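Work through the exercises below with the sequence and the structure open. Each task is followed by a solution in steps.

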Amino acid sequence: MARVTDLFRHPIKGLGGEAITETALHKDRPLPHDRQWAILQEGQRDTGTWQRRGTFGHVARGPQLAPTRAAVDGGAITVTHPDLPPLRFEPGLDDQRLLEWLTPIWGDALQPPTSLIPAPVTGMTDANYPSVSIMSRASLAALQDAAEQLVDPRRFRGNIWIEGLPPWTENNWTNRTLRIGTAEATIIEPIIRCRAIEANPETGVFDANLIKTLKGHWDHVYFGVNARVTKPGEVRLGDTLEVL
């Protein structure tokens with residue numbers, strides 16, 4: 001039987017996140033506090049709606065963002081990076097402090113950061129619908145074996161990690177409904193991956209050719225699936241996952 005092994009949320013799109021032990025899931029909403037904020041690049045504007053990843057700071061063009069960690073701290077967010085002092089700030093009140101903190105690790109391939117904006121209620125994941133991502137520990141183990149190196153799960157910025165099923169089973173769940181804890185969600189699609197997963201979340205260096213490995217071994221570049229919550233509920237570490 002499949003069970004939940006890990007839960008993660010990423011308060012600021014493009015930055016690393018935090019491990020949690022439980023979460024509520026709400027119908028047609030992302031996981032609470034996940035991609036609740038995003039950092040606009042120069043030349044982009046806030047439309048108040050969902051926008052594509054390239055509008056914001058992201059790891060595929062800014063690999064030094066990979067080692068960042070962002071954690072919800074009451075009404076504030078605390079961000080850390082191995083090469084920078086920690087910063088605690090309140091979104092919407094002292095955003096400029098975050099932008100200045102990010103400057104040394106932002107990278108030249110991104111346009112300068114100009115503002116921190118709130119996501120719409122439907123979220124600001126890479127999917128243009130309110131999504132919660134589900135990842136498989138068995139698929140991760142298969143990818144590690146093929147890549148012949150350890151692969152940190154944080155590379156994939158997933159929300160819910162599970163174990164107890166054969167590798168890549170999740171790729172066949174499109175349009176199926178899952179019960180996870182007391183919540184239910186319908187799988188929309190597998191997640192197409194880009195170079196962001198090749199950035200090491202400890203060092204910020206591109207050090208793994210995972211896209212080529214996925215394509216060469218399985219003829220796809222999927223890792224994980226996106227789900228849309230259809231019935232609200234609670235999910236905790238150790239909860240079971242059932243395909244309905």
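The exercises cover a strand and its partners, a helix, and a group of aromatic rings.

The model is predicted, so local features need pLDDT of at least 70 and side-chain atom pairs count only at pLDDT 80 or more, while totals for chains, interfaces and linings use all residues. Residues are numbered from 1 along each chain as its sequence is written, and side-chain values use heavy atoms, with hydrogens and water left out.

**Exercise 1.** Decide which residues of helix 3 (residues 210-218) are buried and where they lie around the axis.

Solution. Buried means under 20% relative accessible area, exposed over 50%, and partly exposed in between (1.4 Å probe, protein chains only).
- Step 1: the buried residues of helix 3 are Leu210, Thr213 and Leu214. They lie on the same side of helix 3, because they cover an arc of only 100° (directions from the helix axis to the C-beta atoms).
- Step 2: Lys212 and Gly216, on the other side of helix 3, are exposed.
- Step 3: the cover over the buried residues of helix 3 includes helix 2 (137-147) and strand 13 (222-231), where contact means heavy atoms within 4.5 Å.

**Exercise 2.** Classify the ring pairs that involve Phe156.

Solution. Rings of Phe, Tyr and Trp (its six-membered ring) pair if their centres lie within 6.5 Å; planes under 30 degrees apart count as stacked, over 60 as edge-to-face and the rest as tilted.
- Step 1: the whole structure holds five aromatic pairs. In one of them, Phe156 and Trp161 are 6.3 Å apart centre to centre with 65° between the planes, an edge-to-face pair.
- Step 2: the ring centres of Phe156 and Phe223 are 4.1 Å apart and the planes are at 20°, so this pair is stacked. Phe156 belongs to the loop between helix 2 and strand 10 and Phe223 to strand 13, 67 residues apart.
- Step 3: Phe156 and Phe223 are both buried.

How values were computed. Helices (H or I, at least four residues) and strands (E, at least two) are DSSP runs, numbered from the N terminus.
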